[in-house]
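Colleague: I have a new model open and want to learn how to read it. Can we go through some features together?
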Amino acid sequence: MLKEKIMHFMPGGLIRYLAKPYVSGYSMEAGIDRARALVFKQRLATIDLLGEEASNPADVEIAVDVYHQLISRIAQEKAFQDTKTRPTVSLKLSALVVATIKDDILHLDESELEKNVVSILEHACDEQVELTIDMEDYHWTDVTLGLYKRMFEKGFRSLGTVLQSRLFRTEKDIADLPDGTRIRLCIGIYKEAAARALTDKKDMKDKLLLFSRQLLQKNVYLELATHDDHYLQTFFIEVLPEFTFPEGRLEVQMLLGVPRVAVQSKIISGAFTQGKTVPVRLYVPFAVNKKDSTEYSRRRLIANPDLMSYGVKNILGNLTGKGLY
């Protein structure tokens, strides 16, 4: 709790310094460069434009344009000509429409949001770049899942989205998903009230195992997102063997910069899966300004204060040539 309070008031420059390992840089090219480097290390990437919610139509127009540019840039990059190594792109819906919260209710023009998403999605399909709609706080859950299911029903099967194990509603959300979706399963970063979400991290991680079972039963492409070695090994030892190995329908996702090289290598080599390869994909965010990077990094550090010490170790490691990435 003390660490959280400290980080709420920590200067932006210090936040960005401590979080430097988790942000690729301040340009699209920085994200592309980091994703290219990961491919050479047998890792995949999902590239994310950092940004806070749009406050006016000009913000929306800029975000839509950047997403289009990013899709084109990924498709042009020589290192990604094999579509199996091509980065995915993570979309933040609050950047694609002007929205307000009044009396704890989200207000937005859903037709405008859908128009912008379809524009980006059609471009991505043409360029064979997969998209994932990121999940934001609980105000956005219904909007996100509703839009995702509409796009899925329209035939956009390369689109994925996110479910958070902390939310009490997630079990029903899984039951309501059509078979064959692509789902990133994580504990979630947004702090929610005890009335709607778990507050203990162990409980959230236990739910990861339960929900991973339920998602595999629905024939999803499962993107299991966690850094916890114990829960990863439990998944591979106890959960996965209950199913026919989901060839081409399973990957593990982690944040850029978190020190998990050893377990990542084991997963990629098939050490937990009798030699069957499981891809590892890292979340590669880039910012176009320092403010967006600061707000993202502050949320990450508050959600997991251990990232602060990882950041210091990684920066020191890079100075000595022993950085993590």
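Predicted model: local features only at pLDDT ≥ 70, side-chain atom pairs only at ≥ 80, totals over all residues.

Colleague: Are Tyr148 and Phe152 buried or exposed?

Modeller: Buried means under 20% relative accessible area. Tyr148 has 1% relative accessibility, so Tyr148 counts as buried. Phe152 has 5%, so Phe152 is buried as well.

Colleague: How many aromatic pairs does the structure hold?

Modeller: The structure holds three aromatic pairs. To class a pair, look at the angle between the ring planes: under 30 degrees is stacked, over 60 is edge-to-face, and the rest are tilted. The ring planes of Tyr148 and Phe152 stand at 40°, so this pair is tilted. Their ring centres are 6.3 Å apart.

Colleague: What kind of pair do Phe235 and Phe236 form?

Modeller: An edge-to-face pair. The planes are 70° apart, and the centres lie 5.3 Å from each other. Both Phe235 and Phe236 are buried. Ring pairs also link Phe235 and Phe236 with Phe272 into a cluster.

Colleague: Which residues of α6 are buried?

Modeller: Among them are Thr141, Val143, Thr144, Leu145, Leu147 and Met151. Tyr148 and Phe152 are on that list too.

Colleague: What do the buried residues of α6 pack against?

Modeller: Both strands and helices. The strands are β4 (105–107), β5 (131–133), β6 (159–164) and β7 (182–186). The helices are α5 and α7 (170–176).

Colleague: Which residue with a positive phi follows α6?

Modeller: Gly155. The phi of Gly155 is near 105°.

Colleague: Now the pockets. How many residues line the second largest pocket?

Modeller: For a pocket, ask about its volume, then its lining. The second largest pocket holds about 720 Å³ of space, and 32 residues line it. Leu44, Thr83, Lys84, Tyr221 and Arg281 lie nearest the centre of this pocket. The elements giving two or more residues to the lining are α5 (110–127), β8 (221–225), β9 (250–255) and β10 (280–286).

Colleague: What is the lining of that pocket by class?

Modeller: The lining has 14 nonpolar, eight polar and 10 charged residues.

Notes. Residues numbered from 1 in each chain as written. Heavy atoms only, no water. 1 Å grid on protein atoms, 1.4 Å probe; cavity = no way out; pocket = protein on both sides within 12 Å on 5 of 7 lines; lining within 4 Å. Points joined across faces, edges and corners; volume = space filled by probe spheres on them. Helix = DSSP H or I, 4+ residues; strand = E, 2+ residues; numbered from the N terminus. Nonpolar A, V, L, I, M, F, W, Y, C, P; charged D, E, K, R; others polar. Buried < 20%, exposed > 50% of the residue type's maximum accessible area, 1.4 Å probe, protein only. Contact = heavy atoms within 4.5 Å. Phe/Tyr/Trp six-rings, centres within 6.5 Å; stacked < 30°, edge-to-face > 60°.
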